[in-house]
Amino acid sequence: MVKIDPSWLSVLQPQFDAPYFAQLKSFLVAERAQYTCYPQGGNIFRAFDSTPFDKVKVVILGQDPYHEPGQAQGLCFSVPNGIAVPPSLVNIIKEINSDMGLNIPTTHGDLSGWAEQGVLLLNATLTVRAHQAGSHQRKGWETFTDAAIHALSEKRSGIVFLLWGSYAIQKSALIDRSRHHVLTAPHPSPLSAYRGFFGCKHFSQCNQLLQQQGQEPIDWSDIR
């Protein structure tokens, strides 16, 4: 049984009913029969279950889930408490601290608190084979998550999209910039963070945009 908030289910039902999704399900059944895959089944749609469609204020887009044991929990960039914080998330926390004048430790990285405040933490691909980054790309997930982004663009207004790295920035083609705000920067990974992610000040800019629309800012320090 798919665990997904009803507000999203009503929006995405045509995708679940589409032929490509049946092929995707068959692929996943075969993969799980032969390999360990992440995240666990109940967490595959966690981003959608944690942040209802009508509550989305911010979208952060990742590429695919973490592929090592215990890391993936269905929210992009997030890891459960007790798991070592991956380098990209360490850099995200460093930028928040610099931007917002905070002192958040980089010792834990559960971003569930962001999701509960209206930050959709969406990976473009929702599953991955253990130890093999990108192994479930181009199997249908991108069609599904593109449909989710397009639905937000068409049916909502005033959402702040934070797109980091060339892969995420390409998704800006799905977003109506006359209705939404799009902030772009290099990816926070150690390979590219120094090319402009550090100093991008996306977190304060995001909160300013939300407040200008009469919305509550995000408490970026809510990392568990």
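How do the residues of the lining of the second largest pocket divide into nonpolar, polar and charged? They come to nine nonpolar, three polar and three charged. Here Ala, Val, Leu, Ile, Met, Phe, Trp, Tyr, Cys and Pro count as nonpolar, Asp, Glu, Lys and Arg as charged, and the others, Gly among them, as polar.

Before going further, please keep in mind that this is a predicted model, in which local features need pLDDT of at least 70 and side-chain atom pairs count only at pLDDT 80 or more, while totals for chains, interfaces and linings use all residues. Residues are numbered from 1 along each chain as its sequence is written, and side-chain values use heavy atoms, with hydrogens and water left out.

## Pockets and a cavity

Rolling a probe the size of a water molecule over the atoms shows where empty space is left. On a 1 Å grid over the protein atoms alone, a cavity is a set of points where a 1.4 Å probe fits but cannot get out; a pocket is an open set with protein on both sides within 12 Å along at least five of seven lines, and lining residues have an atom within 4 Å of a point. Points are joined across faces, edges and corners, and a volume is the space filled by probe spheres set on them.

| Space | Volume | Lining by type |
|---|---|---|
| Largest pocket | about 440 Å³ | 14 nonpolar, 14 polar, one charged |
| Second largest pocket | about 250 Å³ | nine nonpolar, three polar, three charged |
| Largest cavity | about 40 Å³ | six nonpolar, two polar, no charged |

The largest pocket, of about 440 Å³, is lined by 29 residues, and Gly62, Gln63, Asp64, Phe77 and His187 are the closest to its centre. Strand 2, helix 4 (87-100) and helix 7 (166-170) each give two or more residues to this lining, and helix 7 gives the most, with three. Helices (H or I, at least four residues) and strands (E, at least two) are DSSP runs, numbered from the N terminus.

Around the second largest pocket there are 15 lining residues, with Val2, Leu28, Gly41, Ile44 and Phe45 nearest its centre. Helix 2 (residues 19-34) gives the most to this lining, with five residues.

The count of cavities of 30 Å³ or more comes to one. Its lining includes Ile44, Ala47 and Pro65, and strand 3 (residues 119-123) provides the largest share, three residues.

## Strand 5

All five residues of strand 5 (residues 160-164) are buried (under 20% relative accessible area; exposed is over 50%, partly exposed in between, with a 1.4 Å probe and protein chains only). In a regular strand the side chains alternate between the two faces of the sheet. Val160, Leu162 and Trp164 are on one side of strand 5, with Phe161 and Leu163 on the other.

Strands pair if DSSP finds at least two bridges between them. Phe161 is the bridge partner of Val59, while Trp164 stands opposite Ala185.

## Backbone spots

The peptide bond from Tyr38 to Pro39 is cis, with omega near -10°. Arg138 has a positive phi, near 60°, and is exposed, at 69% relative accessible area. Phi of Lys201 is also positive, near 55°, and Lys201 is partly exposed at 40%.
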